[in-house]
Amino acid sequence: MSHFNCKKIRVINDEVEDMDIIKDLVKSEELEDAFYIADIGGVIKKHQEWISKMPKVVPHYAIRCNSNATVIKVLATLNACFDCESKEEIAQVRKHNVQGERIIFANPNKLPSHIKYAKEQGVAQMTVDNEIELMKIKELFPEAKIVIRVRCDTDNSPASRSLRVKFGCESYKEAVDLIQHVQSLGLYLYGFTFSASTSAINNYVKGIEICKYLIEVAKLFGCSNVKLIDIGGGFSGREDLNEVAGLINGAIEDLDPNVRVISEPGKYYVESNFTLASYLYSKRLVFSDDNQMRIMYYTNCGVYNSFLDEALGVVTPVRDPNWISFSELIEDKRFLSCIWGPTTDSVDLIRKNVLLPELSIGDWLIWPNMGAYTLVLSNTFNGFPIPTVKPFIRESQWKSFLEQIRQT
């Protein structure tokens, strides 16, 4: 591919800092609505880093965490693969000329119409974790490549516990029963997959060993053509990849070369490459019954526009804001403060009882590391808009990217 339309991507000088980009946008466009800047060069760098550090593990970008069209287009241009969970997600990826074989339909429970659509689009790799799903696929897409999802992680966070309950069969008896069921239905057992957790990275090794064992079991039942181990997602976009890469590379070192290994990273690509800017448009002082003062700040992007995780109690420490101020900050004084979103809902609270210097109306709060599970969960409740995304790439990265796609 020798041409790439960059109309939506702003090419900037290498020396320009992210904060300067935001300041320039605020001043030149007289912005009042919240917006994101998206470092597309950073996304490309993440892709290159993955290939360099885990060359035997093919990443499939999980667009559920951020379905920004520019991110998808750039990764598609780099011949990346994708993890999709629905008909709509498959359509979003196929729009960028991604062939069906570069997509895994990784939702273990699928609507019948979505299975039919996947068949139409040539998306044959499909995750399952139960017999009923196998029966459905037998009827609607008997040529599908079945990937059995097993449970393996032991992380006890509420999110991980819920995921274990919702998806994945027990790693031994249930999985063996499913292998036999695939065989009896005459379906193609293509591979095994699991979901690990960044808080327990040894689960990747554990999951790979389970998959190796199940491949051998499958052979005993006549399924001798298993081709895939999918190690799932859960890779942080803020932490170094070296440790987990070393563990995974070691775990697959002795794997049969006929078995491919893939992964489903999402936040790894985008978490640290999207920065949100929200406008502080109102404030007031509140005194409690014990006469303690709090400053209430109101910003134009809240729980419904990008901070749903905050309402669910999943507060990421690195999302504490910086700010651009066009007023004087009293740096040596800090006040007990709350930061509210713009809606009239009382749950629209981003930060409660935090110590901040006094801010002024017209200041901008800058929230780093906001690329994952923010925009995809946003809506326009109370009529407040979803923040726009302003993609950029630095000049040297842009030249390198163009050269790379010329060679493909």
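A salt bridge here is a side-chain nitrogen of Lys or Arg within 4 Å of a carboxyl oxygen of Asp or Glu. By this rule the count comes to 18 salt bridges. The model is predicted: local features need pLDDT of at least 70, side-chain atom pairs count only at pLDDT 80 or more, and totals for chains, interfaces and linings use all residues. Residues are numbered from 1 along each chain as its sequence is written, and side-chain values use heavy atoms, with hydrogens and water left out.

**Salt bridges within helices**

- K136 and E133 meet through their side chains in a salt bridge (3.0 Å, N to O).
- The two sit three residues apart in helix 6 (residues 131-140), so about one helical turn separates K136 and E133. Helices are DSSP runs of H or I, at least four residues; strands are runs of E, at least two; both are numbered from the N terminus.
- E133 counts as buried at 1% relative accessibility, while K136 counts as partly exposed at 22%. Buried means under 20% relative accessible area, exposed over 50%, and partly exposed in between (1.4 Å probe, protein chains only).
- In helix 9 (residues 202-220), K212 and E209 are three residues apart, about one helical turn. Their closest N and O atoms are 3.3 Å apart, in a salt bridge.
- K212 is buried, with a relative accessible area of 15%; E209 is partly exposed, at 38%.
- Salt bridges that share partners also join D18, D39 and R394 into one network.

- R64 and E85 form a salt bridge through their side chains (2.7 Å, N to O).
- R64 lies in the loop between strand 3 (57-62) and helix 3 (69-77), and E85 in the loop between strand 4 (81-84) and helix 4, so the pair ties together parts that are 21 residues apart in sequence.
- R64 is partly exposed at 30% relative accessibility; E85 is buried at 18%.
- E264 lies in the loop between strand 10 (260-263) and helix 11 (267-270).
- E264 is buried but has no salt bridge. The nearest side chain of opposite charge is R64, 4.4 Å away. Lys and Arg count as positive, Asp and Glu as negative; His and the chain ends are not counted.

**Helix 4 against helix 5**

- The axes of helix 4 (residues 87-94) and helix 5 (residues 112-120) come within 9 Å and cross at roughly 25°.
- That makes helix 4 roughly parallel to helix 5 (angles under 35 degrees count as roughly parallel, over 145 as roughly antiparallel, 65 to 115 as roughly perpendicular, the rest as oblique).
- K87, I90 and A91 of helix 4 meet H114, Y117 and A118 of helix 5. Contact means heavy atoms within 4.5 Å.

Notes. Axes fitted to C-alpha atoms, helices over the stretch in contact; angles between N-to-C directions.
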